[in-house]
Amino acid sequence: MINSIDKPAIFISPDYVIQAVNQPYQDVYSTKVDIGVSRCHSVSHKSAVPCDQNGESCPIQSCIQSGRSASVVHIHQMENGKDICDIVMKPIKDEDGITIGFLEILEDLKFASAQSQKDKMVGESEPFLALLKKINRAGKSEIAVLLQGQTGTGKELVAKALHDVSPRKDEPFVVIECTGLTESLFESELFGHEKGSFTGATHSKQGLIELANGGTVFFDEIGDVPLNMQVKLLRLLETRTYRTVGGLKQKTSNFRFLSASHKNLLELVNKGEFRQDLYYRIAGFPIFLPSLSERKGDIALLTQYFLNHSQSQQKRFSLEALNVLKQYTYPGNIRELKNLVEQAALLADEDEITVEDLPEHILFNPLNEEVSGSKAKTLEQVEADYLYKMLNTQAYTLDELAELLGVSTRTLYRKIEKHKLSIDY
Ligand SMILES: Nc1ncnc2c1ncn2[C@@H]1O[C@H](COP(=O)(O)OP(=O)(O)OP(=O)(O)O)[C@@H](O)[C@H]1O
């Protein structure tokens, strides 16, 4: 039976000993499996003890407790190094209903890595692994995924990963940036236009929806689509049909729909700024991306990754400098970390990047002050305090400050307005 499974699979007795293995499993692990002797944890984790004695959750234990299948995303030691696997464990019972063992089926998540591998989503923290499981499960279906998270948390990267794990992976992945689109631009960008349909339309133009036929469309910042255009978007999503601007014929496009917003769309629905029917159409599977502060365990690996793939590959952060990077709270999340790493690497004269090479503003971090103080603040208050201090240094123009924080100048303006801060320059 195990040989009919095309993914790596093993059958394990309750004492963790591998009793059967298929070829795909043997192909991905460097440790040879000795049937009736090797234990699952010694092959996949190179560990002498089961996962739950090593600070990780053990899906066998979850199966025993619930009597049902269990799943987990773990980092495994594969033939090519550390890979991330989505694991499903199924209890196997005899005719009397007694569990005689467990069938473990693995899927290597090729779009992600727990090592500094180019063009992959990297990380190893629990919130990151939980995110990968959602990507892997939702990606394979046709469900409309709504990605929500702060700026720079990797929403676009996740959208691409959702496309890459889907059956549409060899078809186009089309990104539609919704911020700043006027009604006429929205229609002609999305649906295309016929020659002569408006002043300046000297040629007919294919729309993005047509280009995405067979593939995936990703609407970035969907919360910025004005209300009157939301109706048209809803109609498109319900019928998958549209008309080009100035055209008479109805056209059809077969696309998978993904969207993202840094805004809380349900709040916009409650305020009447986003249509409720559209929200439920696009939020078939909502995914909330963790901020970098919620996945501090990934900062060292991400730092390494950004250095390795920069022009300063040979440089390394000193322990002290790395600690400063780990302490800082990142309003611009991963994008801000990437910028900081690249800037510090360029400033460092030696191969070791020290605290002196880091920008001053990250050395004085209001959250650090709060953590050592007695009274905790909300993240909103911390952001407001931090922006206030940064603006008061008057050391940067707004464009420079936005770049340092890893956000757009537009986002910085919005935050300044939100916190009612004044700009004196
Ligand atoms: N897990 C990760 N591993 C490596 N790089 C990452 C990861 N997550 C994000 N990045 C990088 O961080 C940067 C920001 O990511 P991305 O543009 O996807 O964020 P976003 O949430 O879409 O931002 P915004 O809301 O501002 O559009 C990109 O350079 C991206 O490649």
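Before anything else, one convention: the helix axes I'll talk about are lines fitted to C-alpha atoms over the stretch in contact, and angles run from 0 to 180 degrees between N-to-C directions. Hi everyone, and please keep in mind that what you see above is a predicted model.

Helix H11, residues 299-308, and helix H13, residues 333-347, have axes that come within 9 Å and cross at roughly 55°. The crossing of H11 past H13 is right-handed. Who makes the contact? From H11 we have Ile299, Leu302, Thr303, Phe306 and Leu307, and from H13 come Ile334, Leu337, Lys338, Val341, Glu342 and Ala345. Sorted by class, the H11 and H13 contact holds eight nonpolar, one polar and two charged residues.

While we're in H13, have a look at Asn333, which is found in that helix. Its phi is near 50°, a positive value in a residue other than glycine. For context, most residues other than glycine have a negative phi. Is Asn333 buried or exposed? Asn333 counts as buried, because it has 25 C-beta neighbours inside 10 Å and the cut-off for buried is 20 or more.

There is another positive phi to show you, at Asp119, where the value is near 60° and the residue is again not glycine. Asp119 sits in the loop between strand S6 (112-113) and S7. Here the count is 10 C-beta neighbours inside 10 Å, so Asp119 counts as exposed.

The H4 and H5 crossing is right-handed. On the H4 side the contact residues are Ile135, Ala138 and Gly139, and they meet Val158, Ala161 and Leu162 in H5. The classes here are five nonpolar, one polar and no charged.

Staying with H5, which of its residues are buried? In this helix, residues 155-164, they are Lys155, Val158, Ala159, Ala161, Leu162 and His163. What do those buried residues pack against? Besides helix H4 (126-139), the partners are strands S7 (121-122), S8 (145-148), S9 (173-177), S12 (216-220) and S15 (256-261).

One more residue before I zoom out: Arg281, in helix H10, residues 276-282. Arg281 has 17 other C-beta atoms within 10 Å, so it is partly exposed. Setting aside neighbours within four places in sequence, Arg281 is in contact with Ala144, Leu234 and Leu237. Arg281 and His41 are 240 residues apart in sequence, and their C-alpha atoms are 43 Å apart in space.

Finally, the whole chain. It has 18 helices and 18 strands, and its C-alpha atoms fill a box of roughly 75 × 60 × 40 Å along the principal axes. Of the 425 residues, 34% are buried. Among contacts with a separation of 6 or more, 62% join residues 24 or more positions apart. An unreviewed UniProt entry lists residues 121-346 as "domain: Sigma-54 factor interaction". Over residues 121-346, the chain is 42% helix and 17% strand, and the end C-alpha atoms are 24 Å apart.

That's my tour, so over to you for discussion.

Note on methods:
Residues numbered from 1 in each chain as written. Predicted model: local features only at pLDDT ≥ 70, side-chain atom pairs only at ≥ 80, totals over all residues. Buried ≥ 20, exposed ≤ 12 C-beta atoms within 10 Å, placed from the backbone. Helix = DSSP H or I, 4+ residues; strand = E, 2+ residues; numbered from the N terminus. Contact = placed C-beta atoms within 7 Å. Left-handed = near helix turned anticlockwise from the far one by under 90°. Nonpolar A, V, L, I, M, F, W, Y, C, P; charged D, E, K, R; others polar. UniProt positions renumbered as here; feature names shortened; annotations may be inferred.
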